[in-house]
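Thanks for making the time, everyone.

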Amino acid sequence: MRTTTRHTARTLQVLCVTVTAALLATGCGRDEGSGPGNDAPAEIGSGKAKGKVVMWSMGDQADTVLEDLAKKFEQENPDADVKITAVPWGSAHEKLTTAIAGGNTPDMSVIGSTWMAELAAMKGFQATPASFKASSFYPGQWDTTKYKDTPYGVPFVADTQVVYYRTDLTAKAGIEGALAGDWDGYLKDLKAIQDSAGKQNPDLNHASSLAMGFNSWIFWLPLVWQQGGDIYDAETGKFTFDSPAVGKALKYYASTPKQGLAPTDKTDSMQAFQEGRIAVYQDGPWVGGNLRKDAPALDGKWKTMPMPSGGQPAAFAGGSDLAVFKDADNPDAAWKFVEFLTESANLAAYAKGSGALPASPEAWDEAKLSNDETMQAFAKQLEVSKAPPAITTWQQIATAIESELEKLVLGKATVAEVQKTLQSKATSIGTGR
């Protein structure tokens, strides 16, 4: 998804689980052929692209930056004709699964990164041509394209989270510069900010926001990785929610609300941050653009920093990839358009025009994004970002995590109980195909 925390709908997860499970159980209406994960890479012919290329682009309206790049591609390939159709994120998952099952796909599409494994397992995509190199992209972003160690797409838009903090509010709490980068020091700084509520900071209610409910796993899972652990062992095919690393991550996650440093009522964090009711806010790159647009009075009063680490640095790798469908009418031209879009200059142009994060370090440098001080934290996070498990049942696992995290925060379950429940639920759900 272009920005995972904004564009994937909770209703989508609920409505599509049954449909997707049925499709997977019946082989999705496709012939058996070679199975996902052992497909030979697609091949790209020599010469310029020719013919019509139909592409789906996720979003509620036309992506003008993408369309401008398509026009440039057509100028370089006079016999090519790119047609881009906007597909709302809220209906994208169902539209994609239905199209793959019916063999009625476009040539290519933007694909939400957490959907890649599921759709690849449906035999929906061609395997990525060998001409695309993993070394050209951030490692975590490249991993989002994989299913059973085979890439089925190319990274397009990166997404990760950082800490936004109000410098005017933190300064009044006696904090100079960024908050501490280690988890214990970070909590200590949050306590200092909380102590300033109603005193130095009269409007402040809580020091920090808390991601609760939908997509809360995005903020929690890196805490597990920071402990050197994971929730799934690909070698054994078993879930590891019962590990010490998961226990520590759950404890860290619950520590801010438990100590009264964050709300538990699903407060609108963006609005609260703008109004000074919270001083610290964790989210993706879209926040900066919104602050500049909607709260210009705060210009110069906020900064960003990497997420605090409880051990080794780690961050979430999300965003969206480009994939070419197995049933594409014009796969050669589609792959050539993917090549074009993921050239560093074009990734940089897309990033500058859309406000998205480019999926490659070279494009990041070409776009000169680090010249913006608030973007430097994102660069550091992308270097240590990691993709969630590439299993077809991931959305169901994620939903279970979100439910148990909420119970933990609200005091309805202990860390040990959450671990036991998640281990049981995940094992019951399984990994799919």
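Let me begin with a term: a polar contact is a pair of N or O atoms within 3.5 Å, where, within protein, one must be able to donate a hydrogen and the other to accept it, and where residues adjacent in sequence count only if both atoms are side-chain atoms. What we have here is a predicted model, in which local features need pLDDT of at least 70 and side-chain atom pairs count only at pLDDT 80 or more, while totals for chains, interfaces and linings use all residues. Residues are numbered from 1 along each chain as its sequence is written, and side-chain values use heavy atoms, with hydrogens and water left out.

With that in mind, the side chain of Thr-128 reaches the backbone nitrogen of Tyr-152 at 3.4 Å. Thr-128 itself sits in the loop between helix H5 (116–121) and helix H6 (139–143), helices being DSSP runs of H or I with at least four residues and strands runs of E with at least two, numbered from the N terminus. Is Thr-128 buried or exposed? Its relative accessibility is 4%, so Thr-128 counts as buried, a word that means under 20% relative accessible area with a 1.4 Å probe and protein chains only.

Turning to the sheet, six strands form an open arrangement in the order E2-E1-E3-E14-E6-E15, with mixed pairing, where two strands pair if DSSP finds at least two bridges between them. Its edge strands are E2 (80–87) and E15 (357–358), each pairing on one side only. Strand E1 (residues 51–58) pairs with E2 in the parallel sense over eight bridges, and Lys-52 stands opposite Asp-81 in E2.

Methods. Buried < 20%, exposed > 50% of the residue type's maximum accessible area, 1.4 Å probe, protein only.
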